[in-house]
Amino acid sequence: MSTLAITDALLLLVTLSIAVSAKQSPSIRIAAGLFASAAVLGVLRFSGLLPLPTLHSFFSGLGATSAFPLLAASFLFSTSVVATQWRFASIFAVIAGAIGLVASALEVGLWGNAVALISVATLVLRSIFARDGLAVVGAVSLLAALLLFALGISLASFLQPGDSLHLFMSLGLLLLGKRGQTPILTQAPALSS
């Protein structure tokens, strides 16, 4: 069994626990569900049980273009209808995903990476401004996941860059999931001057 299957299984456990948690907002649960979908397909793909590279890539792209922005919106605007109501969170996810599909069809290759990076960088900055240590570590872990994967860096010789993505995403989402249960980020001063 590939290390990618094992680390994707860890990511699946973390995201699934967040997605089914009644303590989380609808937007965080939908974002986690999108990540969990990609993770379950990754486990099937990398374990060799049911190789579905195209489907796995599709849901990974959906995570980048839809789940990361939804997660950022959940923390930035935790009292908004997008964060608190299933209907609006779903609409946000579908529209963001559709824009990602259009960008993919138009062969705008960097769209998903740019959207994910901007969303996570926004989470990092918001967490720093809020002086929320747990959220900072979680957001920085997500940023490390994206950067290590994009640069093709693995944590150890027996791991692959995808393992770095899975491990750091697991840590980041776990910590942000803990923070999402007590939305301290809404108490931070406004970012405007």
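Q: Which residues touch the most other members of the largest nonpolar core?
A: Of the 36 residues in that core, they are Phe-68, Leu-71, Leu-123, Leu-142, Met-169, Leu-173 and Leu-176. A nonpolar core is a set of buried Ala, Val, Leu, Ile, Met, Phe, Trp, Tyr and Cys residues joined through side-chain atoms within 4.5 Å. Buried means under 20% relative accessible area, exposed over 50%, and partly exposed in between, with a 1.4 Å probe and protein chains only.

Q: And which elements give two or more residues to this core?
A: Helix H1 (3-19), helix H2 (26-47), helix H3 (53-76), helix H5 (86-105), helix H6 (111-129), H7 and H8 do. Helices (H or I, at least four residues) are DSSP runs, numbered from the N terminus.

Q: Before going on, what kind of model is this?
A: It is a predicted model, in which local features need pLDDT of at least 70 and side-chain atom pairs count only at pLDDT 80 or more, while totals for chains, interfaces and linings use all residues. Residues are numbered from 1 along each chain as its sequence is written, and side-chain values use heavy atoms, with hydrogens and water left out.

Q: Back to the core, then. What does Leu-123 touch?
A: Not counting residues up to four places away in sequence, Leu-123 touches Leu-71, Ala-72, Phe-75, Ala-139, Leu-142 and Leu-176. Contact means heavy atoms within 4.5 Å.

Q: Switching to Ser-154: where does it lie?
A: Ser-154 is in the loop between helix H7 (133-151) and helix H8 (161-180).

Q: Why is Ser-154 classed as partly exposed?
A: Because its relative accessible area is 28%.

Q: Which backbone oxygens does its side chain reach?
A: The side chain of Ser-154 reaches the backbone oxygen of Ala-156 at 3.2 Å. A polar atom of that side chain also lies 3.3 Å from the backbone oxygen of Leu-159. Both are polar contacts (a pair of N or O atoms within 3.5 Å; within protein, one must be able to donate a hydrogen and the other to accept it, and residues adjacent in sequence count only if both atoms are side-chain atoms).

Q: What else is Ser-154 in contact with?
A: Leaving aside neighbours within four places in sequence, Ser-154 is in contact with Leu-159, Gln-160, Pro-161 and Ser-164.

Q: Is Ser-164 buried or exposed?
A: Ser-164, found in helix H8, is buried, with a relative accessible area of 1%. Beyond four places in sequence, Ser-164 touches Ala-145, Leu-148, Ile-153, Ser-154 and Leu-155.

Q: And Ser-66, where is that?
A: Ser-66 is in helix H3 and is buried, with a relative accessible area of 1%. The side chain of Ser-66 reaches the backbone oxygen of Ala-93 at 2.7 Å. Apart from residues up to four places away in sequence, Ser-66 touches Leu-34, Phe-92, Ala-93, Ala-96 and Gly-97.

Q: Another helix residue: is Ala-135 buried or exposed?
A: Ala-135, in helix H7, is buried, with a relative accessible area of 0%. The C-alpha atoms of Ala-135 and Thr-65 are separated by 21 Å, the two being 70 residues apart along the chain.
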